[in-house]
Amino acid sequence: MEHVTEGFIPVTGGKVWYRKTGDGPGVPLLVLHGGPGGMSNEKDPLRRLGNERPVIQYDQLGCGKSDRPTDLALWTVERSVEELGQVRKALGLDEVHILGHSWGTMLASSYLFEKPEGVRSIIFSGPALNSRTWEQDQRNYLKQFPKDMQEIVERHEREQTTEASEYQDAMFAFYKRHVCRLDPWPEDMVEEFAIMNQQIYNHMWGASEFTVTGTLQDFDATERLAEIDLPSLFTCGRFDEATPETTEYYASLMPGSEFHVFENCSHTPGTEDPEAFANKIREFLNRQEK
């Protein structure tokens, strides 16, 4: 395994855990995990790039191995952007590539709108750049499931009983098609779901992927994407919650950006087809430094 260092960084509201894999000569890659409330992936195939460049993961405040304060005032896009800047500064990442996944693309775009120095490229993986579009795309997918499952989802959301086991079962059926198509799910993924900070997810997003009621409900980066003047890559899986149509549309808003679909994958191509995922990202990053 590559040289690995990990530790904690003080940020507004607490300390966040980070891990740096490898010390290759290339420009470091900073990974922003999904959620909100998710965590870094121990088996992230991007760590394989460590012999070419340092790969840095960090668990956002309230997530994974980081401190878990309960003050709801901390769960804002603005503070998450501030945290990202604090992590970069603490680790001396003067030059950096950024990859955001899912909610991490909301964070990445918000950060880039502030025109930080030294960002060499941006990768939007499974992008969620407009909350209402995301919600609509999941609703469209839901229509492809059996009627009784649709009714279970509708009823429990209406009655606000989304902790009910039949609702959770319906969610899992949806996840198996559009979040991770491996059967069974890898143990670490099951664990990540169990450890996820539901308080943050519910506060910022809502009860489920289908219904956004939290503070992110009006999030929309699309009007401003053209302001991001960086080499950019948009990726998604063929069956991704971030649908190929929507992802390609986002890419079209950034002149010169690239778009790639991982076949046979959904929202977690890094888990579903790690080799293809790592290779695509490697190829893109190396090209930016040629």
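How many cavities of 30 Å³ or more does the count come to?

Reply: The structure is a predicted model, in which local features need pLDDT of at least 70 and side-chain atom pairs count only at pLDDT 80 or more, while totals for chains, interfaces and linings use all residues. Residues are numbered from 1 along each chain as its sequence is written, and side-chain values use heavy atoms, with hydrogens and water left out.

The search runs on a 1 Å grid over the protein atoms alone: a cavity is a set of points where a 1.4 Å probe fits but cannot get out, whereas a pocket is an open set with protein on both sides within 12 Å along at least five of seven lines. A residue belongs to the lining if it has an atom within 4 Å of a point. Points are joined across faces, edges and corners, and the volume is the space filled by probe spheres set on them.

By this rule there is 1 cavity of 30 Å³ or more. The largest cavity has a volume of about 60 Å³. Its lining consists of Pro36, Gly37, Gln60, Leu61, Cys63, Trp75, Arg79, Ser80, Trp103, Ile200 and Met204. Two or more of these residues come from each of α1 (77–90) and α7 (198–204); helices (H or I, at least four residues) and strands (E, at least two) are DSSP runs, numbered from the N terminus. By class, the lining of the largest cavity has 7 nonpolar, 3 polar and 1 charged residues. Here Ala, Val, Leu, Ile, Met, Phe, Trp, Tyr, Cys and Pro count as nonpolar, Asp, Glu, Lys and Arg as charged, and the others, Gly among them, as polar.

Trp17, Arg19, Met39, Ser40, Glu42, Asp59, Lys65, Asp188, Glu191, Glu192 and Ile195 form the lining of the second largest pocket. Both β2 (14–21) and α6 (187–195) supply at least two residues to this lining, and α6 gives the most, with 4 residues. In the lining of the second largest pocket, 3 residues are nonpolar, 1 is polar and 7 are charged.
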